[in-house]
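Visitor: Could we go through this structure together, beginning with the overall picture and then turning to particular residues?

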Amino acid sequence: VQGSEDSEEASERDRSALTCYYVNELKSAEPSDTRLQHNERKQHLVPIESPFLQSLQLTYRASPSSDVQLKSEMKDKFYQINNFMEILQSLLSPLLQSSSPDVTIRVTDMGSGKGYLTFSIYDFLRRQYQEKSSDRVRIAVEGIEHQRDLIDQMALIRQRHLPLFTNLSFQHASISSYTSSSSSEKKSGE
């Protein structure tokens, strides 16, 4: 009986030490110089003010003159989108800093669902790369979705925000039956 009490106490001490370690790690990982003032907004790679986010029902305006707000139930989705853009940016930056005169960035979003990432990827690439060097960077983003009603919704949103989404397209297909438009172009061009 004595041995089990000692091991329970040791276990409790270990859990306590581990909790303190994680709390301290979290505190030290928080850069004090980058904290925002209470009235400042964080700059996201996909800005909260992007009009397509309202069309996708992630954001809203309480009145035409009010600031854009995130819907409370969509905050996690918005942060997920921006985290994905950070990863995408880290992957593309070395490629786009190369001396290559022309770059085509082609992205296919398989199972695009409601299009949150599909629209965001296109908007991010357009603002970050194409607008800054329009003569050398071309982008094309395609969303693949098997639910026809979602494809129709995304097509309407795309149409509403033209010409911003000129090279964004959606295809009604399952992942297994999908044929890339770039591979069919190569086959027909050969």
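Predicted model: local features only at pLDDT ≥ 70, side-chain atom pairs only at ≥ 80, totals over all residues.

Guide: A residue is called buried under 20% relative accessible area, exposed over 50%, and partly exposed in between, with a 1.4 Å probe and protein chains only. Residues are numbered from 1 along each chain as its sequence is written, and side-chain values use heavy atoms, with hydrogens and water left out.

Visitor: How many helices and strands does the chain have?

Guide: The chain has 6 helices and 5 strands. Helices (H or I, at least four residues) and strands (E, at least two) are DSSP runs, numbered from the N terminus. Their order from the N terminus is α-α-β-β-α-β-α-β-α-β-α.

Visitor: Which residues have the most contacts inside the largest nonpolar core?

Guide: They are Leu-58, Met-85, Ile-105, Phe-119 and Leu-125, in a core of 36 residues. Such a core is a set of buried Ala, Val, Leu, Ile, Met, Phe, Trp, Tyr and Cys residues joined through side-chain atoms within 4.5 Å. Helix α4 gives the most to this core, with 7 residues.

Visitor: And how enclosed is α4?

Guide: Of its 15 residues, 14 are buried, so α4 is largely enclosed by the rest of the structure.

Visitor: What does Leu-125 touch?

Guide: Not counting residues up to four places away in sequence, Leu-125 touches Leu-88, Leu-92, Ile-105, Val-107, Gln-130, Ile-139 and Val-141. Contact here means heavy atoms within 4.5 Å.

Visitor: Is Gln-130 buried or exposed?

Guide: Gln-130 is buried, with a relative accessible area of 18%. This residue of α4 is in contact with Leu-125, Val-137, Arg-138 and Ile-139, leaving aside its neighbours within four places in sequence.

Visitor: Turning to α5, which of its residues are buried?

Guide: Leu-150, Ile-151, Met-154, Ile-157 and Arg-158 are buried in α5. Seen down the axis, they fall within an arc of 125 degrees, so they line one face of the helix; the arc is that of the directions from the helix axis to the C-beta atoms. On the other side of α5, Leu-156, Gln-159 and Arg-160 are exposed.

Visitor: What do the buried residues of α5 pack against?

Guide: They pack against α2 (51-55), α4 (116-130), β4 (137-145) and β5 (168-172).

Visitor: How do β3 and β4 pair?

Guide: β3 and β4 pair in the parallel sense over 8 bridges; two strands pair if DSSP finds at least two bridges between them. Asp-109 stands opposite Gly-143 in β4. The covered face of β3 holds Val-103, Ile-105, Val-107 and Asp-109, whereas Thr-104, Arg-106, Thr-108 and Met-110 form the uncovered one.

Visitor: Where does Pro-163 lie, and what is the peptide bond from Leu-162 to Pro-163, cis or trans?

Guide: Pro-163 lies in the loop between α5 and β5. The bond from Leu-162 is cis, with omega near 10 degrees.

Visitor: Finally, what is phi of Gln-57?

Guide: Phi of Gln-57 is near 65 degrees, a positive value in a residue other than glycine. Most residues other than glycine have a negative phi. Gln-57 is in the loop between α2 and β1 (59-61) and counts as exposed at 52% relative accessibility.
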